[in-house]
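Subject: Structure handover

Hello,

Please find the structure below, ahead of the notes on what was found in it. Could you look it over before reading on?

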Amino acid sequence: QTQLDLAVIPGDGIGPEVTAEALKVLHRALEGSGLEVKETHYSLGAQHWLETGETLSDGTLADIRGRDAILFGAVGAAPGDARIPSGILEREVLLKLRFSLDHCVNLRPSTLYAGVPSPLAAPGTIDFVVVREGTEGPYTGNGGALRVGTPHEIATEVSVNTAYGVERVVRDAFRRATTRRNKVTLVHKHNVLVHAGHLWKRTVEAVAAEFPGVEHDYLHVDAATIFLVTDPSRFDVIVTDNLFGDILTDLAGAVTGGIGLAASGNINLDGTAPSMFEPVHGSAPDIAGQQKADPTAAILSAALLLENIGQAEAAARIQSAVRSDVESRAQAGTRTTAQIGDAIATRL
Ligand code: NAD
Ligand code: IPM
Ligand code: MN
């Protein structure tokens, strides 16, 4: 491979600010590798919608599908922006990409780096990864509303869980555990959500039989939030559904020193479409356009991208540059988004 054909979707709010730093670091990390990066930028998000009435057209989606990988910033309007229907960009851009490109594994690593203050009094060692299902659960848009606006309104959101979808994600979690500390924790709520919960539980038990070296346990999601705060060291690989995974990974970001450090990859496991890499955080309208955002999550997402396309060495160099940058943050004072990007690029 001599060229990386990269789709770039900076998006809204702080998306473009953090994506610029991720690209800066990605280019620097690949210098001398012989891999040339060809970027195609797509202007998707609030402005594009206001100008064209389009979220993500099928033509643009087909174009993106032909690239090798996608670097994504964030989409989402500011709360109270009456011109943009709530959630339309999130569903019709971000979720459409994840669903159409079969991003079944939403991979969200969580590490507490040395020198990073955690809000926990005794955080211990935190190093786990959440394998969040990415294309099913309550995210599929199934459900509906009857008698809207009346006292008799009925609203349903149906969670879709298929044996195929659950199994591939669970197997991926066990496979990842073998490269880590050999432990998988299923998080669900099978005491109440019996149909989906038991499918997940049975699937974990069946797949576990193929991985005798990997131990597995189970937590209800409410208890999992307790242990993420009181004993996060117990986790190695957490496997869970789309919605629980969304909630747990913001919490995981918070306990490891902030959402500005949390990276993610939306992985297409069978190589039928490009995978997509993005920070866990959103467009952060409250700090957008002020160079206040921490670009580290976007930069670490670029490292996950490089790992995914077989550039493990460049990825590891980014990760260690980030590690040494965050270690010295207490002395670095307040820096702009671009200054943090520059500092990490310089350490490569
Ligand atoms: P958010 O993650 O954008 O922001 C939550 C809080 O974290 C805010 O106070 C914000 O300032 C802070 N924050 C986020 N990223 C930061 C960074 N890199 N550095 C420093 N501080 C950071 O979540 P929200 O406020 O719930 O959502 C804002 C918009 O983004 C909404 O429209 C939402 O739907 C959308 N959203 C998009 C994505 C995505 O595109 N992947 C993800 C989450 C939310
Ligand atoms: C995330 C976001 C998205 C999600 C939203 C914006 C659709 O919160 O990437 O975590 O819920 O997956
Ligand atoms: Mn989220």
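The domain bounds used here come from an automatic or database domain assignment. On that basis the chain divides into domain 1 (1-103 + 259-348) and domain 2 (118-256). Their C-alpha centres lie 24 Å apart. The contact between them draws 11 residues from domain 1 and 10 residues from domain 2, where two residues are in contact if their C-beta atoms, placed from the backbone, lie within 7 Å. On the side of domain 1 that touches domain 2, helix α4 (residues 88-100) gives the most, with 3 residues. That side divides into 7 nonpolar, 2 polar and 2 charged residues. Ala, Val, Leu, Ile, Met, Phe, Trp, Tyr, Cys and Pro count as nonpolar, Asp, Glu, Lys and Arg as charged, and the others, Gly among them, as polar.

Two notes on conventions. This is a predicted model, in which local features need pLDDT of at least 70 and side-chain atom pairs count only at pLDDT 80 or more, while totals for chains, interfaces and linings use all residues. Residues are numbered from 1 along each chain as its sequence is written, and chains are lettered from A and ligands numbered from 1 in the order in which they are written.

Helices (H or I, at least four residues) and strands (E, at least two) are DSSP runs, numbered from the N terminus. The unreviewed UniProt entry annotates residues 5-344 as "domain: Isopropylmalate dehydrogenase-like"; UniProt positions are in the numbering used here, feature names are shortened, and annotations may be inferred rather than shown by experiment. Over residues 5-344 the chain is 41% helix and 20% strand.

Ligands. A residue is near a molecule if its C-beta atom, placed from the backbone, lies within 6 Å of it. Ligand 1 is surrounded by 21 residues, the closest being Gly76, Gly260, His281, Gly282 and Ala284. Its shell has 12 nonpolar, 5 polar and 4 charged residues. Around ligand 2 are Glu90, Leu94, Leu95, Asp246, Val280 and Gly282. Helix α4 gives the most to the shell of ligand 2, with 3 residues.

Annotated sites. Under "binding site", the unreviewed UniProt entry lists Arg98, Arg108, Arg132 and Asp222. They span 125 residues in sequence and the farthest two C-alpha atoms are 26.5 Å apart, so they do not all gather at one spot. Is Arg132 buried or exposed? A residue is buried if 20 or more other C-beta atoms lie within 10 Å of its own, exposed if 12 or fewer, and partly exposed in between, with C-beta atoms placed from the backbone. Arg132 has 28 and is therefore buried. Arg132 sits in strand β5 and, not counting residues up to four places away in sequence, touches Asn106, Arg108, Thr240, Asn242, Gly245, Asp246 and Thr249. Asp222, in helix α7 (residues 221-230), counts as exposed because it has 11 C-beta neighbours inside 10 Å.

Thr256. This residue is in the loop between α8 (242-255) and β11 (263-267). Thr256 counts as buried, with 24 C-beta neighbours inside 10 Å. The C-alpha atoms of Thr256 and Val116 are separated by 7.7 Å, although the two are 140 residues apart along the chain.

Helix α1. The buried residues of α1 pack against β1 (3-11), β3 (69-74), β12 (275-279), α9 (296-308), α10 (312-327) and α12 (337-346). After α1 comes Gly32, with a positive phi near 80°.

Regards
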